[in-house]
Structures are given as structure tokens and as C-alpha cells.
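This report describes the fold of one chain and its interface with a partner chain. The sequence and structure are shown first.

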Protein chains: 2
Amino acid sequence: MSKFWSDVVHKLTPYVPGEQPKLDNLVKLNTNENPYGPSPKVIEALKLEAADSLRLYPDPNSDALKLAIAETYQLKSNQVFVGNGSDEVLAHVFQALLKHDKPLLYPDITYSFYPVYCGLYGIQYQLIPLAKDFTINVEDYMQPNGGIIFPNPNAPTGIPLALTEIERLLQKNTESVVVIDEAYVDFGTESAVTLINKYPNLLVTHTLSKARSLAGLRVGYALGSPELIEALTRVKDSFNSYPIDRFASAGAIAAMQDTVYFEKTCKQVVATRKGLIHDLMNLGFEVLPSGANFIFAKHQSRDGAELTNLLREKSIIVRHFKTPKRIAPYIRVTIGTDAQSKLLIEALAEILQ
Amino acid sequence: MSKFWSDVVHKLTPYVPGEQPKLDNLVKLNTNENPYGPSPKVIEALKLEAADSLRLYPDPNSDALKLAIAETYQLKSNQVFVGNGSDEVLAHVFQALLKHDKPLLYPDITYSFYPVYCGLYGIQYQLIPLAKDFTINVEDYMQPNGGIIFPNPNAPTGIPLALTEIERLLQKNTESVVVIDEAYVDFGTESAVTLINKYPNLLVTHTLSKARSLAGLRVGYALGSPELIEALTRVKDSFNSYPIDRFASAGAIAAMQDTVYFEKTCKQVVATRKGLIHDLMNLGFEVLPSGANFIFAKHQSRDGAELTNLLREKSIIVRHFKTPKRIAPYIRVTIGTDAQSKLLIEALAEILQ
């Protein structure tokens, strides 16, 4: 605490990201990174950027990147906003679109950055409890609100919500913005992007950190009506003219364009997930249905924190959430390669002996 | 205007950066980029990052980069904050350290992003007029305030302020944060970094976009007491866990470490500046004293806007500021190579014939 700090700083409870250990030889299944590297075409494009032209600013509007993203979804460039990772995009979304007199609604169990953004921008919110089976019930969101946000699939549960349910919510909720945070959508969840031209209050956020294998490059984007995108652009242009550096732009464009590689690696992750769920169930785990590149699993007799610690002793890192209490029995496991799944299952078999 | 926008969005007047034209063959002297590319060691380090490891998140705390910066200035890592360009760093500074009951003070003629940040975060401010000769008089800042910020050298004038004056201000102003924005300091202005261990309320911001030739990479940093740095870190960790991507980190580390290249290119820019000022004076320009990689110059009989337009017709881009009115007669010219200076002088000679 310090007299030099602005008031807001005293009140902040910053987000704590999953550990990024500096040791090698770990089986790192804690931050939902892709086990496969980026497309070779991305690597090629990135190498070209290591050049004299770095002395020049990048395009402040990232027009080429917006176009590549727009083309991917048959949208227009003015329906695309880009940022330094989807966390930055979400920060701007909270400030630009979700601060109103009525409270923002989001699930009680969800991405734990949401309450942090609310703290940073002084946004009042109301937690909507998930159902007993950890699903989102859209009926619960049909009440006065200043905005609605949830991930689909939800985090850290991984449970997908059907597109028909999202559309049902949009039909009833026309006066505030509905944000669907689709960080993990490409691993088998239906995207709401197809509804964008129908609902001017729908905003969909994506990241290149997961399905596009570029967590190290920091690019995320939002898709929505020009009206919503303009609000984000105004905030961005009042914050940082050039958030997307030359590498981020070139790499992200190449990643959006290499659909073949993208689909192949996503399919592989989904196949590995299927095998892992099967093996975990054989070991006595209950696994929530997953539309993501991670699974959320609870053992019939062993505690989540304990399993996390025992796995760590065997150099395997998974993620455990102490709160809320309902999810404390669970471990969240990123889908890695088949070989990593095998190591995990072997380690768990030993632990559970 | 839209019912979906948060209140703050309606009130924003975003910053407008200098034009980044998409045409080739321009003599681009409008955004103070370095005419020399980054160090060959930077290019080498960057090439190594175009690899499979991009699938992994970068270090959220940028420890290696902070250490490289700390070592450059004989400071400790907890005296260093890093961000996605010094504009992002400044945004966090305004939110974390400059929002108080009393008004923030800054010059009436200065970096035009400052009022934009104030608008974004609802910070009240008071403009302190520059002296008639466009210098900053520190006496004018010795009044109740919630913070003080100015660039040194100032922008867009380029005029440096002596370190003794800054220390005089710090001695009198102990109850609020004093931010010295040293984006251009390496081109012949005395840095206030040497005062950091003496004044816990001093924060100095730097960028790698100018003297380190890395505008395209987006890295900036702040140096100050651990108390001030912690406020910035709290805000950053409530906004975006990973603002520094793997390229930005690797390139910035290499740039900080190649002191020889850095000093050589800075010296060359300063030498070119000297020649350009001499030639401009011969053409009837009055040039303000510059400690930056740009000069601010007024012709004895021709208007700044007119000259800017006529130069553009000859494919030379300089920057002109319409407001405040006092600076409208001036043009701001980035120091390029000697060859670019020659092209500029030839073009101006033709125009002024």
C-alpha cells in the first residue's frame, strides 16, 4: 500500500495465470497449450519479419490481419477487432461494452479473469450458479442485466453449450451485449460466429493461443457487429496505438490461412482427448463432457489437490483450482500428445495403486 | 453512439498516431523511427524464436527481459516494469499512479496521448503552459497536484530539460509521482534514471521504438522504486498476463545488451541532426534546440501546414500539428540518414525558391 498508488490499485486482486515453469523435461498439461507447434507456413512467415523493417512501426489498424480473419469467417473487416492475446481483447470488452448500471452476469464457475476485469474497471456483476451437472442454463440469464459473458465451452469445466441455446438467449436478451468467449471452440464445440450477422449485440472472442498453436505470439480477436467493434477500437486507440507487433501480425495471418494444418491438429487433439477420457474412466475418474483441449476430471476416492501434488512429484503438471469449493475435487488436464497421455495414465495408475 | 457502449466510450477522443503509409519509396520522416535497423544480434536472436516453442506461453513476468534492462542501468529487477510499447506502459502508469483527487499536471504542448489517457481513466488534469521559448519551467509545477508527467526531451518540441532542474522539482515535490517520459532521451538528453534510487516517487519511462530501432516489436519499460513498479504490475496482472510475446522478449534482450551498436547508431543520428539543423537554418528556418531524434522547425515566411503538404507532393512525409495554435507554424522532422536529409533539403530548397 502506498500513497502514490491510485485508489483502484489498492483494491485489485490480480489474476494468477497457470504456472510457466522454467524447468525442462516436464510433462506440461496445465495451461492448455497445443502439443503441436504452429504450422510450418507460420514459421516461414515469421522468419521473414526478423529484418531491418523492425525499425518501422507496424500498421496501427492491423488491416491485413483483420482481413485474413474476416475471410476465415466470411465476415467484413469492420466486424473484426484484434488485440495482444484474447486477454487484452477481453479487457477492452469489459471496459468498452460491459460497464452499465445493471450488473454483468456470468457463471459462478468460469474463467477466473472475469472478476479481475470487473475489479479493474469498477463493473458490478452477479454470479449465476451453474446447474448441478456444471452446465449453463440460459434461462438463468434471462433477467435484467448490463451484459452477459461466458466461455463456450466453459472453463475450467470444458462443457460445451449448444448453439440453439445461445440463440435462445440472444432472442430474449436484445438490450445488452452477450459475449461468447470461444477460446476453446475449435476442439469440437459449435461456434456462435454464424449468428453474428443476425444479432448486433453478439460478440464472439477467439484466441490464437490454443487451436492455432501460438500462445507465445499473443494474438486474440473479437467478432461482432461494426457497432460493437467500434467501441473496442475507440478504447484500443485510447490505450495503445500499436498492440500487434510485426511478428504477431505476420504469424497470425499465416496461421489463419493454413486451414489444412489447423484442422489436422485440432482433429488429432480431439482424438487424443477421446482416448484419455476412456483411460481416465478406467482408473476410476469421472470426466465431464469436454468440447475443449482439456478435460476436467474427479477421482472417485482421491482429492484434486492431492493428485496434483503427487503428479508434480512425477514431473507432470496439471492445474487444480481450490475455489469455488465445488470444483476443488477436480483436476484440469490439458490434452497433449498421445505419448503424454500415456505418461499421465501410467503415473496416475502408480499413484492410485 | 450505441446503447451497447459503456459510458466512457461515448466520451473518448482517441489518439491519432502519425500516418503509416502503405506506399513504398517515400522518405518517411513523420513518426520518429530510427533510420538504422536493429542490431544484427537482435535479428539473430529473433530468428531463433520462429520455432515450435511458439505453442507455449511466454514468461508472464518477463524475468529475463527485466534483468537485461536492470543490468543496463545498474538497477534491480524489481525496479523494472515492461510492456507492449511505452504507450501501453504509459496507459498503466496513468491508471495505476496518476489518478488522485488533485489534478495531474503536464505541459500544454506535449505528447498528445496524455489527455487521451486522462479521458480513458477519468483523470482530472491541469495544463501548465510552456514558457515563451517552449521550455518547461519546473517552478510552474510546484503547486498541489496528483502527479506530474512530461517528456524529456519534450515532444514535439525536442527541447531537453537539464537534470538539475528535474532534481529541483523532485526535491520540492515529494507527495506525488513524477513521471519523466524519456522516449527520446538517448539522442543527447540527460537521463533521470540516475535519480531513481534517491527519489521513490520518480518514474522514468523508455521505449525500444526509437534509439533501439525496434518500433515494429513493441517494447517499452518503466524504471522506478519497487513501490511504484508494484502498482504497475498489479494493474498489468489485472489486464493481460502475457503482454510481451516471445519475439518481443528475445529481441529486446538482445537490443539492451548490444551497447556498442546502440551507441554507434545514436551517435550517427545526433551527427545527422547537427547537419540538418545547419542546412535548415540556411534555408531560413528557426529550429528549436533538440535532444531528440527529430527537430521542430518554423520557416520565417512559410506556414507549417503548407510546407507539409508541399513536401508530401515530393514524397517526403513530415508531421504537422494543427493545435495548439502556437505550434501550427512548425513542422516536426524525424532525423533520418544523411541521404534522407539531403533529399529533404533539396526538396525544401525547390519549394522555397
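## Overall dimensions

The radius of gyration is taken over C-alpha atoms, and the globule rule is 2.2 Å times the number of residues to the power 0.38. For the 353 residues of chain A a compact globule would have a radius of gyration near 20 Å, and chain A agrees because its own value is 20 Å. Its C-alpha atoms fill a box of roughly 55 × 50 × 50 Å along the principal axes.

## Basis of the model

This is a predicted model, in which local features need pLDDT of at least 70 and side-chain atom pairs pLDDT 80 or more, while totals for chains, interfaces and linings use all residues. Residues are numbered from 1 along each chain as its sequence is written, chains are lettered from A and ligands numbered from 1 in the order written, and side-chain values use heavy atoms, without hydrogens and water.

## Interior of chain A

Buried residues (under 20% relative accessible area, 1.4 Å probe, protein chains only) make up 64% of chain A. Of the contacts (heavy atoms within 4.5 Å) between residues at least 6 apart in sequence, 73% join residues at least 24 apart.

## Interface with chain B

In the interface, 86 residues of chain A are in contact with 86 residues of chain B. The buried area (accessible area lost on being put together, 1.4 Å probe, summed over both parts) is about 7,000 Å², with 57% from carbon and sulfur atoms. In chain A, A:Phe4, A:Tyr57 and A:Phe239 lose the most area to chain B, together 12% of what that side buries.

Two salt bridges (Lys or Arg side-chain nitrogen within 4 Å of an Asp or Glu carboxyl oxygen) are counted between the chains. A:Lys3 and B:Glu175 form a salt bridge at 3.1 Å, N to O.

Technical notes
Buried area = accessible area lost by both parts, 1.4 Å probe. Buried < 20%, exposed > 50% of the residue type's maximum accessible area, 1.4 Å probe, protein only.
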